[in-house]
There are 2 protein chains.
Amino acid sequence: MTLSKEQFEARLRQIGAERYHDKHPFHHLLHSGGCTPDQVRAWVINRFYYQSRIPMKDAAFMSRVDDPALRRAWRSRIEDHDGTAENEGGIERWLRLAEAVGLDRDYVASAEGVMPATKFAVDAYVRFVRDETLLEAVAASLTELFAPKIHAQRIEGLLANYAFADDSSLAYFKNRLKEAPKDVAFGLAWVLDKADTQEKQDAAAKALIFKTDVLWSQLDALHAAYVDPARIPPGAWQPGTFLAQNVAAAS
Amino acid sequence: MTLSKEQFEARLRQIGAERYHDKHPFHHLLHSGGCTPDQVRAWVINRFYYQSRIPMKDAAFMSRVDDPALRRAWRSRIEDHDGTAENEGGIERWLRLAEAVGLDRDYVASAEGVMPATKFAVDAYVRFVRDETLLEAVAASLTELFAPKIHAQRIEGLLANYAFADDSSLAYFKNRLKEAPKDVAFGLAWVLDKADTQEKQDAAAKALIFKTDVLWSQLDALHAAYVDPARIPPGAWQPGTFLAQNVAAAS
């Protein structure tokens, strides 16, 4: 049975309520101040890989869209991450966070210490957007529906609990609070409009579940590697290494 | 500097000595009898996804090879897994193992309970073989160099420690003991022959490291989900479910 737009939106929101990664224990640990400096660093290193692939994902999407209006609406996502003359962009802001937590900026930007499990999950997302239908690609982006809450909690939790947290280091999250609602309002309206059969609604819901899996499995890998049981996979970042020079000198 | 064939083979074997998944604690747990029946089942369910994708990976490889002799040499890999008139094949043998450990065969074959992290890693391997050079694709298959040892340990350890283990349930591993050495002898000779510059040797070594990452991250995800900290990701198989009817009735 095809759901009404209101019912279908409720179905999508329910997926977030059940499976979005704000339910993962790593986020509680991070926001409550329970992470060691090295655990925060491991998060920053691995999450950078996700950030770095988002504009590639969006370019893959635009490469398949023949409607100039849709491409135009989508283009700001790439600008938000890669920057413009007036806006340093989300990737640059993430690298400022990396420096603030004491990491060598070039090392983080190289993505060398990123865990294979992180890469497998993130690359699966880029390929999903490249290979599946446009409807599924946009539906997968709708985890942004659930992001403002976690960003607000993160800003509050990091500011309260970690010395590195200030307006400069948390600029990435503050900006996402402004950017994500605009993007997701467009994406949600588009998905509700295009998913006009049960088959399409099922495909869109499945795409959103896929995306929650991409996010969840990144935190699972991070938690297992650096928190419990703290078994770091071969080749991934080792705590205490690749610190910024002033941090290395102080320790 | 380009290594001699002997030196380059030693470099490849060193990668296995350092990074092959026989070093992962899950295998020690499994082979020593330390796994609960449900932990063995979780391994069987997730590892099935890898088995099921291997012939697709090999077909992707053959689809890119214009040399009939190389395709002919490669073809037996697909036969080994998918079966022939005389040989039930590795996938069927794996499903027999699934039944022997008390799982519903159709559920395992559906791959529905497989963890997203398993799929991301395995799918990354199929895509690697589809997208990278033929040399890198063959080099990635060379983890088979290290497989006979783990299969022999597995047969011995499972037979000694688990009631389900017998000639029928372990037929998959017994057959791989015969099949893998033939495949890898061909693949190793091919890689040693084609990797005739430092650049190609580096690419082949990197491909083999990639493959060890694919295998290692599967065990990391399995261990974290079902052993320690035993946090099962949303949607993945729940212990005690989808048992074969006789097992469910007995418990």
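Let me open with a question: is T212(A) buried or exposed? T212(A) counts as buried, at 1% relative accessibility, where buried means under 20% relative accessible area, exposed over 50%, and partly exposed in between, with a 1.4 Å probe and protein chains only. T212(A) is in helix α11 of chain A; helices here are DSSP runs of H or I with at least four residues, strands are E runs of at least two, and both are numbered from the N terminus. Leave out the neighbours within four places in sequence, and T212(A) is in contact with I15(A), R19(A), Y20(A) and T143(A), contact being heavy atoms within 4.5 Å.

Quick housekeeping. This is a predicted model, so local features need pLDDT of at least 70 and side-chain atom pairs count only at pLDDT 80 or more, while totals for chains, interfaces and linings use all residues. Residues are numbered from 1 along each chain as its sequence is written, chains are lettered from A and ligands numbered from 1 in the order in which they are written, and side-chain values use heavy atoms, with hydrogens and water left out.

On annotation: the unreviewed UniProt entry puts "domain: Thiaminase-2/PQQC" at residues 10-220 of chain A. UniProt positions are in the numbering used here, feature names are shortened, and annotations may be inferred rather than shown by experiment. That span is 76% helix and 0% strand, and its end C-alpha atoms lie 27 Å apart.

Now the rings. Over all chains, the structure holds 24 aromatic pairs. The rule takes rings of Phe, Tyr and Trp (its six-membered ring) with centres within 6.5 Å; planes under 30 degrees apart count as stacked, over 60 as edge-to-face, and the rest as tilted. F61(B) and W74(B) make a tilted pair, 4.3 Å centre to centre with 40 degrees between the planes. F61(B) comes from helix α3 (residues 37-62) of chain B and W74(B) from helix α4 (residues 68-82), 13 residues apart. Both F61(B) and W74(B) are buried.

Next, W94(B) and F173(B): the centres are 5.5 Å apart and the planes at 75 degrees, so this pair is edge-to-face. W94(B) is in helix α5 (residues 90-100) and F173(B) in helix α10 (residues 171-194) of chain B, 79 residues apart. W94(B) is buried at 0% relative accessible area, and F173(B) is buried at 0% too. Over in chain A, W43(A), W94(A), Y172(A) and F173(A) form one aromatic cluster.

The charged end of R77(A) sits over the ring of W74(A), 3.8 Å from its centre; the rule wants NZ of Lys or CZ of Arg within 6 Å of the ring centre and within 35 degrees of the ring normal. In chain B, R77(B) lies over the face of W74(B), at 3.8 Å from the ring centre.

So what about salt bridges? The count over all chains comes to 46, a salt bridge being a side-chain nitrogen of Lys or Arg within 4 Å of a carboxyl oxygen of Asp or Glu. R93(B) and E179(B) meet in one at 3.5 Å, N to O. R93(B) lies in helix α5 and E179(B) in helix α10 of chain B, so the pair ties together parts that are 86 residues apart in sequence. R93(B) counts as buried at 4% relative accessibility, and E179(B) at 7%. In chain A, salt bridges that share partners join R77(A), E88(A), R93(A), R96(A), E144(A), R176(A) and E179(A) into one network.

Between the chains, 24 residues of chain B are in contact with 24 residues of chain A. About 2,000 Å² is buried there, with carbon and sulfur atoms giving 63%; buried area is the accessible area (1.4 Å probe) that two parts lose on being put together, summed over both. F120(B), R231(B) and P234(B) supply 35% of the area that chain B buries against chain A, more than any other three residues. Four salt bridges cross this interface. R231(B) also meets D220(A) in a salt bridge, at 3.2 Å, N to O.

Last stop, the loop between α11 (198-226) and α12 (245-250) of chain A, where P229(A) sits. The peptide bond from D228(A) to P229(A) is cis, with omega near 5 degrees. A230(A), in the loop between α11 and α12 too, has a positive phi near 60 degrees. Most residues other than glycine have a negative phi, and most peptide bonds are trans. A230(A) counts as partly exposed, at 43% relative accessibility.
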